[in-house]
Amino acid sequence: MNKLIEELKQLIITSLDLEDVTPADIDARAPLFGEGLGLDSIDALELGVAIQKKYHVKLDASSADTRQHFHSVENLAKFIEAQHST
Amino acid sequence: MHSRHLSRSTVARPVALGNHTVLEQTAFWQRVHGLRRALAAQPARRMALVCDDSSWFAAGLLALAHAGRVCVVPQAPQAGSIIASGAHIDAVLTDRPVDFAEFATLSVTGIPPASDSTPSLPDDGALIESYTSGSSGMPKCVPKTFGQLRREVATLEQQWGGQLGDALVCGTVPHYHLYGTLVRVMWPLLAGRSFVTLTCLQAADLRHWAAEQRCVIVSSPAFLSRIADLSELPPAAQIAAVFSSGAPLPDHCAERLQRDWGHAPIEIYGSTETGGIAWRAWSGAAERPYWQLLPGMQAELREESAGPRLWVKSGFTWQSDWMPTGDLARWHTDGRLVLLGRADDVVKLEDKRVSLSEMRTRLLAHAWVENARLLLVEGRRRSIGAVVVLNATGRAHLHAQGKIPTSRELRHWLRRSYEPVLLPRKWRFPETLPDNDMGKIEQSRLQQLFASRA
């Protein structure tokens with residue numbers, strides 16, 4: 001899980017081209033959007049694409065609530081692990 | 001659709017679908033009448049409508065119009081944006097569980113629904129104020145009457161109603177921009193189609209809704225051009241139409257959607273002030289430059305120093321008179337239009353107009369900022385770059401805290417007034433602005449600051 005969290009932080013930085021930000025600057029539990037890292041809706045979309053490509057997961061179309069998975073790095077890691085264990 | 005009472009056939013389908021919720025016609029109109037009664041008892045004459053749920057947004061808009069109150073729709077749903085817009089408002093009508101400290105706040109969810117569930121539309125004269133980026137440096141208020149919105153919806157229905165049938169309307173664009181207000185909310189409401197209450201941020205959200213029924217997708221190039229794998233979208237057979245507006249869809253993107261997915265988006269060209277002007281859909285590269293005017297839209301070209309500027313007039317343009325667009329154009333021989341580019345210096349970012357001079361003015365109002373310049377920076381994602389000269393207080397903070405907390409503070413400051421997608425993504429903090437020997441700040445030298453990472 002911790003390894004996945006670190007990997008996700010790096011993926012966020014490189015896939016979203018975040019300047020000046022290092023993995024240590026990203027709090028795994030802080031909101032990615034709005035107040036925390038300050039990502040926007042375009043970032044959400046691009047991050048969704050990058051994660052599906054890298055981890056071969058599918059965002060679940062049976063629930064419209066993908067927002068919860070994208071709340072924080074930790075939630076993303078939980079989502080990916082859950083997908084891989086099924 | 002033209003009478004104040006909706007026809008019986010439109011009362012069959014639910015008004016809106018949410019995540020695990022269905023809002024039936026009866027409950028919706030009971031909300032409208034409940035809100036209308038509560039608003040009529042309020043002294044507030046002008047109210048900002050700040051709702052995240054599109055069905056509350058719709059109910060709030062209708063209730064304000066019914067109660068003879070001016071419905072002010074802020075450019076971005078943040079309290080700071082309401083203040084910065086310079087709009088005089090008396091109160092905020094919201095579905096958020098928070099108080100807008102600066103204003104009297106009326107919570108829509110705290111108001112009991114009425115027993116009356118008669119569908120009825122407000123008077124055509126009711127005022128709805130939208131905001132858009134002006135070129136003068138301040139957000140520009142665009143007042144429209146309910147009648148203008150209704151007439152634009154009637155035009156859309158005349159053009160595409162048959163194609164849409166009873167499809168569910170899903171939007172990837174927010175409902176607080178006039179395009180979203182009209183196409184995502186008012187059009188389905190007045191035509192008796194159901195709409196989805198949340199903005200679909202991922203292609204998976206669209207698959208979810210399209211799994212059960214045919215859908216209409218109300219989108220923009222910012223979304224459509226970023227779908228890397230077209231199988232993330234719902235099957236084309238489940239889609240009645242895709243609308244794209246805000247900016248031209250790149251040619252390769254329109255072609256790819258048609259060829260590899262099976263559905264060419266209908267692109268609508270227009271602006272907040274003019275409403276929809278013309279449309280096109282992919283039908284081969286040779287046809288690409290030509291835009292067909294919407295029914296009832298008149299257009300003419302007036303020569304200026306920059307070239308022939310497009311002017312338009314229709315039943316739903318602001319002030320119902322000839323008005324200029326921001327674009328240069330020419331006529332094709334068959335009466336279609338060819339657009340030749342912007343006539344002014346407001347830039348488009350992620351399909352949204354933004355005035356860099358206006359954003360600079362906001363930035364200069366921060367206590368740390370001595371001077372600033374903003375410019376478009378190309379890159380993996382085109383964004384705004386900020387070159388900021390800090391004053392003594394700002395420099396002390398930069399040295400003590402570092403670059404990230406400093407740029408985060410300034411981003412946070414701008415977030416009060418702008419949507420997140422418009423905020424500068426790259427920041428430079430030089431001691432002085434790079435000027436040439438004539439004392440003029442050259443754009444190319446500002447650009448150089450972003451050529452490599454600072």
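Student: What should I know before I start?

Tutor: Residues are numbered from 1 along each chain as its sequence is written, while chains are lettered from A and ligands numbered from 1 in the order in which they are written. As this is a predicted model, local features need pLDDT of at least 70 and side-chain atom pairs count only at pLDDT 80 or more, but totals for chains, interfaces and linings use all residues.

Student: What is the mean pLDDT of chain A?

Tutor: pLDDT is the predictor's confidence in each residue, from 0 to 100. For chain A the mean is 85, with 93% of its residues at 70 or more. Helices (H or I, at least four residues) and strands (E, at least two) are DSSP runs, numbered from the N terminus. In chain A, confidence is highest in helix α1 (residues 2–15), at 92, and lowest in helix α2 (residues 41–55), at a mean of 88.

Student: How many residues of chain B are in contact with chain A?

Tutor: Two residues are in contact if their C-beta atoms, placed from the backbone, lie within 7 Å. Here 25 residues of chain B touch 22 residues of chain A. On the chain B side, α6 (203–210), α7 (221–224) and α11 (403–415) each give two or more residues.

Student: At what angle do α1(B) and α2(B) pack?

Tutor: Axes are lines fitted to C-alpha atoms, for helices over the stretch in contact, and angles run from 0 to 180 degrees between N-to-C directions. Helix α1 (residues 25–40) of chain B packs on helix α2 (residues 54–66) of chain B at about 45°, the axes being 8 Å apart. So α1(B) is oblique to α2(B); angles under 35 degrees count as roughly parallel, over 145 as roughly antiparallel, 65 to 115 as roughly perpendicular and the rest as oblique. Among the residues that meet are B:F28 and B:L35 in α1(B), and B:A59 and B:L62 in α2(B).

Student: What is the strand order in the open sheet of chain B?

Tutor: Two strands pair if DSSP finds at least two bridges between them. This open sheet of 3 strands runs β22-β23-β24 in chain B, with mixed pairing. Its edge strands, β22 (369–377) and β24 (426–428) of chain B, each pair on one side only. From one strand to the next, the twist averages 20°. β23 (residues 383–390) of chain B and β24(B) are parallel partners over 3 bridges, and B:A386 stands opposite B:W427 in β24(B).

Student: Which helix lies across β22 and β23 of chain B?

Tutor: That is α9 (residues 356–364) of chain B, running at about 150° to β22(B).
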